[in-house]
Protein chains: 4
Amino acid sequence: MIRIGIIGAGRIGRVHARSVAAHPQAKLTLIADPMIESAKEVADAYGAKATTEASDVFASEEVDAIIICSPTPLHGDHIVAAAAAGKPALCEKPLAMDSESAAEIRRRLEEQGTPNPIVMLGFNRRFDPSFAAIHKAVEEGEIGELEQLTIISRDPAAPPKEYIAVSGGIFKDMTIHDFDMVRNFLGDIKSVVAVGQNLDPELADTGDFDGVVVTLTNEKGYSATITNSRHCASGYDQRLEAFGPKGALFAENIRPTTVRRSNGEVTDAQDPYLDFFLERYEAAYSLELSAFIDAVQAGEVPTPGINDGAEALRLAEAAEESAKNKTVVTL
Amino acid sequence: MIRIGIIGAGRIGRVHARSVAAHPQAKLTLIADPMIESAKEVADAYGAKATTEASDVFASEEVDAIIICSPTPLHGDHIVAAAAAGKPALCEKPLAMDSESAAEIRRRLEEQGTPNPIVMLGFNRRFDPSFAAIHKAVEEGEIGELEQLTIISRDPAAPPKEYIAVSGGIFKDMTIHDFDMVRNFLGDIKSVVAVGQNLDPELADTGDFDGVVVTLTNEKGYSATITNSRHCASGYDQRLEAFGPKGALFAENIRPTTVRRSNGEVTDAQDPYLDFFLERYEAAYSLELSAFIDAVQAGEVPTPGINDGAEALRLAEAAEESAKNKTVVTL
Amino acid sequence: MIRIGIIGAGRIGRVHARSVAAHPQAKLTLIADPMIESAKEVADAYGAKATTEASDVFASEEVDAIIICSPTPLHGDHIVAAAAAGKPALCEKPLAMDSESAAEIRRRLEEQGTPNPIVMLGFNRRFDPSFAAIHKAVEEGEIGELEQLTIISRDPAAPPKEYIAVSGGIFKDMTIHDFDMVRNFLGDIKSVVAVGQNLDPELADTGDFDGVVVTLTNEKGYSATITNSRHCASGYDQRLEAFGPKGALFAENIRPTTVRRSNGEVTDAQDPYLDFFLERYEAAYSLELSAFIDAVQAGEVPTPGINDGAEALRLAEAAEESAKNKTVVTL
Amino acid sequence: MIRIGIIGAGRIGRVHARSVAAHPQAKLTLIADPMIESAKEVADAYGAKATTEASDVFASEEVDAIIICSPTPLHGDHIVAAAAAGKPALCEKPLAMDSESAAEIRRRLEEQGTPNPIVMLGFNRRFDPSFAAIHKAVEEGEIGELEQLTIISRDPAAPPKEYIAVSGGIFKDMTIHDFDMVRNFLGDIKSVVAVGQNLDPELADTGDFDGVVVTLTNEKGYSATITNSRHCASGYDQRLEAFGPKGALFAENIRPTTVRRSNGEVTDAQDPYLDFFLERYEAAYSLELSAFIDAVQAGEVPTPGINDGAEALRLAEAAEESAKNKTVVTL
C-alpha cells in the first residue's frame with residue numbers, strides 16, 4: 001500500500017484524492033492546503049490528516065509519495081523538496097510558468113544531488129483509453145508512418161478573466177496538453193507556426209488569445225495541427241485523428257449516454273459532449289495514477305516526466321512567438 | 001437496344017420510364033394508360049408513343065419487352081398477354097390480389113402453353129445496394145448461418161384512405177416487400193405469427209391494421225422479425241439487420257446529405273431519412289431494370305419471378321390469418 | 001451511513017460489494033457465504049466481517065439493510081427473513097424459480113404481518129443511464145405514445161451447461177430482464193407470443209432454447225419485440241429502440257473506447273462491445289444501489305419491487321408456454 | 001433547350017457530357033478534341049457532332065453555351081474566344097496556370113470589349129449537397145460567426161508523375177478546390193501560412209509536395225485549416241467542419257452503401273469512401289451544370305466566376321511562397 005500525500009485541495013487535488021481512494025494499492029494519508037477548511041474537507045472524506053503546510057507532506061513519515069497540485073509557480077519548489085525528501089512525485093501540468101523556470105528546476109535538482117528523481121508530469125490525456133489505444137496502434141505500425149495528426153481541443157466555456165490573467169496565456173494553459181500529445185505522437189518538433197484568434201468579444205480585453213491554430217512538423221516533415229477554442233456550445237470537444245499511408249485512427253467525443261434521438265427535424269441526434277475535464281478524463285486520471293503507482297513500486301522514472309514538461313513549455317513559447325510575430329519558428 | 005413498352009403511366013410507371021431512359025441498352029417506345037394525357041406526358045418526355053390500350057403494347061412491333069405497372073387486379077391478364085405475345089415482362093408487386101388469383105395466373109400460363117415465361121416480379125428492394133451487399137455477404141458465409149433477421153420498415157405517412165380501401169390490406173400492400181426479403185434471406189418459411197396494430201386513430205375506421213409485427217421461422221428454426229408502421233416522423237425508415245454466429249450486418253437509413261449538426265442541445269444530429277420510395281430506392285429501381293434487361297438479353301427466367309410473387313402472397317395471407325385469429329400459422 | 005450486509009459472495013455479490021464500497025452513504029459490514037473463503041476474501045477487501053450463515057446477516061445489529069445474492073431458490077426465504085427482521089432488502093433477479101413460488105413469498109409475507117416490506121428487485125437495467133434517459137423521454141411525451149418497442153439483447157457467450165441446467169430456462173434466466181424492461185415501458189401485458197430457437201449445436205442437448213423472439217402487446221395494442229441469443233461474436237449486444245408518432249429513441253451498444261479505424265478494407269470501424277454485464281452495466285448497478293439507499297433512507301417501498309419480480313416471471317412462463325405449444329398466450 | 005458544345009473529350013469532359021445528357025433543359029450538340037476518336041466516341045453516345053477544332057465550337061450556330069475542358073494553359077484563349085462569340089462558358093478549374101495569366105485573361109476580355117462575360121468557374125464542390133447545406137446554414141447564422149473552418153481533403157492515390165510534372169504544383173492542382181471553399185465560407189483572406197510535406201518516397205523526385213497543411217485567416221481573424229494528402233488508403237477523403245459559437249456543422253465522407261459490419265474484431269465497420277471524384281461529386285457536377293444553365297437562361301454572370309478563379313490562384317501562390325520560404329504571407 002502506497003501512502004499518498006497531496007499538496008493542494010482545489011479542484012484537481014480533489015480529483016486525485018478520489019482516484020487515490022479508489023485505487024486498491026494507494027491510500028490518502030495527508031493533504032495540505034493553506035485554506036485549512038478545504039484540506040480538512042478532503043481529509044475527512046477519505047480518512048486522512050490535514051495541514052496548512054506543504055513542508056509537512058515532505059517530512060511526514062506517513063507519506064510514501066506525493067501528488068503536487070499547488071499553483072504552477074510553486075511546482076518547482078515542491079518537486080525539488082520531494083526529491084530532497086526522496087519521495088516520488090506526480091506533479092500537475094504545466095511544469096513551470098516558462099522554460100527558464102523549468103531549466104531552473106533541473107539546475108536545482110542537479111545541485112542537490114538528485115538529478116533524476118521519480119517525478120511524473122500530469123499530462124493526463126496520454127492515459128485516456130482512446131488516445132492511448134490510438135498511440136499503441138500507431139506504435140505498432142497499424143497505419144504506417146504517422147504523417148498527419150489532427151487535434152481538435154475546445155473547452156466548453158472560458159475560465160474567469162481573473163484566471164486567464166494569471167494563466168500564463170492560452171498556449172501554456174490550454175494548448176500545453178496538445179503540445180504534449182503532439183510530442184507523444186511525433187517526437188521532437190522542428191518547426192512551429194501558430195495563429196492566435198480573439199473570438200469572444202467578452203475576452204477581448206484579457207490580452208490573451210481565446211482560439212489558436214498551431215501547425216507543427218517533426219524532422220521527417222510529418223505534421224500535427226492543433227485547433228483550440230475557449231468555448232464550444234456542445235461541451236468539451238476533444239478529438240484526435242492520426243493519418244498514415246495504411247489508414248487512419250479517430251478518437252471521438254464522449255457523451256453521458258448512448259442515446260440517439262430521431263424526430264421530424266433531426267435523426268440520430270446524440271447528447272452534448274461530457275463537460276468538463278473531470279468527467280471527460282475521469283478514466284485518464286485514474287489510469288495516470290495507476291501508472292504513477294507502478295513507477296513508484298518499480299522505483300523507475302516514469303513517463304511523461306520533467307523533460308516532457310519542459311519540452312511542452314518550449315513548444316508553447318515557440319507558438320506564442322509565432323502567433324505574436326507572425327513568423328514560422330524553427331526549433 | 002431493348003425497346004420497352006410500359007403499361008401504366010402512374011407514379012411507378014414514371015419511375016420505370018426514367019430508369020429506361022437512363023439505361024444505355026434500353027429505350028422507351030410506347031406507354032399505355034387509360035388516361036391518355038398522362039401517357040402522353042411520359043411519352044413526350046422520352047420520345048415514345050402513347051396509347052390508351054394495353055393491348056397495343058403487347059401487339060406493337062416496336063416493343064421488345066414490357067413493364068407492367070397496371071393496377072394489381074390486372075397484373076394477371078397482362079402477364080398472360082405478354083407471355084402469349086412472347087414478350088418478357090417486368091411486373092410490379094404484388095403479383096395478384098390473393099394466392100388464388102396467383103394460382104389462376106399460373107394455370108392460364110400453362111393452358112396457353114407458356115408455363116415458364118420470362119417474367120420478373122418488381123421486388124425492387126432485392127436490388128438495393130446495401131441490402132444486396134448484405135445478402136451477398138450472408139451467402140458467402142461472412143456471419144455464418146443467418147440465425148436472426150430483423151427488418152424495420154416504416155412508411156413516412158399513410159396513403160389516402162381510398163387507397164387503403166382497395167390495397168388488399170397492409171400485409172399484401174406494404175409487408176409484401178418484407179416477406180419477399182425474408183424469403184430472399186431465409187428461404188422457405190415454416191411458421192408465421194403476426195400482431196396487427198391500430199396505431200393512428202385517424203385510420204381506425206379503415207378496417208386495416210396500420211402497424212404490424214411479424215415473426216417467421218424457416219425449417220432450421222432461424223427467425224425473421226418484421227416491424228411495419230404506416231407512419232414515421234423521420235421519413236421512410238428502412239433498416240435491416242442480419243445476425244449470425246460470426247457477426248452481424250446492418251443496413252442503415254439513407255439521408256439526402258451527410259451533414260451532422262451539433263449545438264447546445266444535440267450533437268451529430270443528422271438529416272431526416274430520404275422520403276419516399278422513389279428517392280430511397282432510386283438506385284434499386286435502376287439496378288432492378290438492369291437485371292431485367294440482362295435476363296431479356298440472356299433469354300433466361302429472372303429472379304425474383306412469378307413463384308416469388310406467389311410465395312410472398314402466401315406469407316401475407318398467413319400473417320393476416322395469424323393476426324386476425326391470434327394464432328401461430330404453420331405452413 | 002447505511003450499514004449493508006450481503007448474502008452471497010459470488011460474482012454478483014462482489015459487484016454489489018464494490019458498489020457499496022464506492023457509495024458515499026453506504027458501508028459493507030457483513031457478508032455471508034457457505035464458502036467461507038469466498039466471503040472472507042470480499043470482507044477483507046472492504047473491511048467487513050464474514051460468516052457462513054445467512055441468518056447472521058438478518059440478526060446482526062451492524063446491518064441496516066441487506067443485499068440478497070443467494071441462489072434463486074433461496075430468494076423467498078431470505079426476503080421473508082429480512083422482512084421479519086425489519087431490514088430493507090435488495091434482492092437479485094429473478095424473484096423466484098416460478099410464479100407459484102413468487103405467490104408463496106407474498107403469502108408468507110402476509111402471514112408474518114409484513115405484507116409490504118421495503119424490498120427492491122435487482123432489475124439493474126432500469127437504471128442504465130441510456131435506458132433510463134429514454135424511459136424519461138417517453139414518459140415526458142417526447143415521441144408521443146410508445147407504439148413499438150424493439151429490444152435486442154444478446155449475451156457474448158453461453159454459460160456452462162451446468163448453469164443452464166439449473167437456470168430455470170432462458171425465459172426466466174435471460175429474457176427476464178427484457179420482460180421487466182417491456183413492463184417498465186408498456187405497463188401491463190395482454191398477449192405474448194414467443195418463438196424458441198436452438199441455434200448453437202453444442203447446446204442442443206440442454207433441452208433449453210438458446211435464442212428467442214418474443215412479441216408482447218399491451219391493452220392499447222402497442223407492441224414490444226425482444227430478440228435474444230446466448231451468443232454474439234461482437235460482445236454483449238444490448239440495444240433498445242422506442243418508436244412513437246413523434247419520433248424514435250435509440251440506445252446503442254457501449255465500447256471500451258471511442259476509437260474508429262479506417263484502412264483499405266473498412267472505415268470508421270469501432271471496438272467490440274463491452275463484455276460482459278459487469279462492465280456494460282457498471283453504472284446501472286451503481287445507480288441501482290443509490291436508488292435502494294434512497295428508498296431505505298426514505299422508508300419507502302422502492303421500484304422495481306416484489307410485484308415487478310412476480311409479473312416478469314408470469315411473462316416468462318407465458319412466453320415459455322407460447323414457444324413450446326406454438327400458440328399466442330393471452331393474459 | 002440550351003445547346004451545349006464541349007471543348008475537350010477527356011475524363012472531365014465526359015463527366016459534363018453525361019450531366020448535359022441527363023439535364024432536362026440541355027443538349028450536347030458538338031464536342032471538340034484534337035484526338036478525333038475520343039471526340040467521336042462521346043459525340044456518338046449522346047447524338048452530337050465531333051470536331052478536332054475548338055474554333056468550330058465558338059463558331060457553331062448549333063451551340064448556345066460552351067463547357068471548357070481543355071488543358072489549363074488554353075483556358076484563357078477559350079474563355080476569351082467564347083466571350084468574343086457571345087457564348088456563355090463554364091470553364092474547368094484552375095482558371096489559369098498562375099495569377100499573371102489570370103490577369104492577362106481579364107486584360108484581354110477588357111480589350112475586346114467583353115469585360116464581364118457569362119463565365120462560370122468549375123469549382124464543383126460549392127455545389128456538393130452537403131457542403132452547400134452547411135454553407136447555407138452558416139449564412140443563415142445557425143452556428144453564429146464561422147470562427148474555425150477545418151477541411152480535410154485527401155485523394156485516394158497520386159496521379160502519374162507525368163501529370164504532376166505539368167500540374168502547376170499541388171497548391172494549384174489540388175488545394176485550389178479547398179482555397180475556393182475557404183473563400184466561399186470566409187470571404188477575403190488576409191494571411192496564409194502553409195507547410196509542405198513529402199510523404200510518399202516514390203514522389204520524392206517530382207519536386208512537388210504531396211501533402212500540405214495550410215492555415216488561412218480573414219480580416220476578422222477567423223481561421224480555416226486545410227489538410228491535403230495525395231494518398232488515402234480508405235478512398236477519397238473529403239470532409240469539412242464549420243465551427244462557431246452556437247454550434248458546429250460537419251460534412252462526412254460518402255460510402256457506396258450504408259452497410260455496417262460487426263464481428264469478433266470490429267463493430268459497425270463501414271465501407272471505404274467513394275473513390276474518386278466522378279463518383280464522390282456526381283451530384284455536385286450535376287447541380288453545377290444546373291446552376292450554369294440557370295445563369296445562361298437568366299443572362300446573368302454566375303458564381304463562382306473569373307474573379308473566384310483568380311483569387312483561388314492568388315491563395316495557391318501565397319501558400320506556395322509560404323511553404324517554400326517558411327514564412328507567413330500577408331495578402
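This is a short tour of a predicted model, going from one chain interface to the relation between two copies.

Residues are numbered from 1 along each chain as its sequence is written, and chains are lettered from A in the order in which they are written. Local features need pLDDT of at least 70, side-chain atom pairs count only at pLDDT 80 or more, and totals for chains, interfaces and linings use all residues, while side-chain values use heavy atoms, with hydrogens and water left out.

**Chains A and D**

Select chain A and chain D. In contact (heavy atoms within 4.5 Å) are 35 residues of chain A and 35 residues of chain D. The two chains bury about 2600 Å² between them, 55% of it on carbon and sulfur atoms; this is the accessible area (1.4 Å probe) lost on putting the two parts together, summed over both.

Next, select D:Glu241 and A:Arg239, whose side chains form a salt bridge at 2.8 Å, N to O. The rule (a side-chain nitrogen of Lys or Arg within 4 Å of a carboxyl oxygen of Asp or Glu) finds four salt bridges across this interface.

Now colour the side of chain A that touches chain D by class: 14 residues are nonpolar, 15 polar and six charged. Here Ala, Val, Leu, Ile, Met, Phe, Trp, Tyr, Cys and Pro count as nonpolar, Asp, Glu, Lys and Arg as charged, and the others, Gly among them, as polar.
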